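Work through the exercises below with the sequence and the model side by side, and try each task before reading its solution.

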Amino acid sequence: MYQQMIFVNLAVNDLDTSKKFFTELGYAINPQFSDENCASVVISDTIVAMIMTKQRYQDFTKKQIADSTKTSEVLLCLSAESREKVDELVDKAIAAGGSPSGETQDYGQMYGRAFDDPDGHTWEVMWMDPAAVEG
């Protein structure tokens, strides 16, 4: 069965710093789609973050590139299989050079935290009780 994929493209200030950050979170870099200007960060079978130097990113848009440390254009949200996995990923991100973003969201059946990567992109990580989704 076909599974649609998402490729999130992000402009970064320092490609090596960003590659190190994402590998410290446990994600792999796919060398087939990486070079000195971009890296393909495999988050899952269907989610890939393409981190690019600003020069390479500019090849794909005529718009000005946002300074993600000062403005927000998108909030990226990843699901987690448990509350503990939310904490594990966010804690890894902070230890790897990210910073906490916002407050912990705890609604009982839904739990989430967020971090900013070294370039200021905000990544939310959330868990939702499967029983709450079912009905």
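The model is predicted, so local features need pLDDT of at least 70 and side-chain atom pairs count only at pLDDT 80 or more, while totals for chains, interfaces and linings use all residues. Residues are numbered from 1 along each chain as its sequence is written, and side-chain values use heavy atoms, with hydrogens and water left out.

**Exercise 1.** Determine which residues of helix α1 (residues 15-24) are buried, and what covers them.

Solution. Begin with the definitions: helices (H or I, at least four residues) and strands (E, at least two) are DSSP runs, numbered from the N terminus, and buried means under 20% relative accessible area, exposed over 50%, partly exposed in between (1.4 Å probe, protein chains only). The buried residues of α1 are Leu15, Ser18, Phe21 and Phe22. Seen down the axis of α1, these buried residues fall within an arc of 125°, so they line one face of the helix; the arc is that of the directions from the helix axis to the C-beta atoms. Asp16 and Lys20 are exposed on the face turned away from the buried side. Among the elements covering the buried residues are β3, α3 and β8 (110-116).

How values were computed
Contact = heavy atoms within 4.5 Å.
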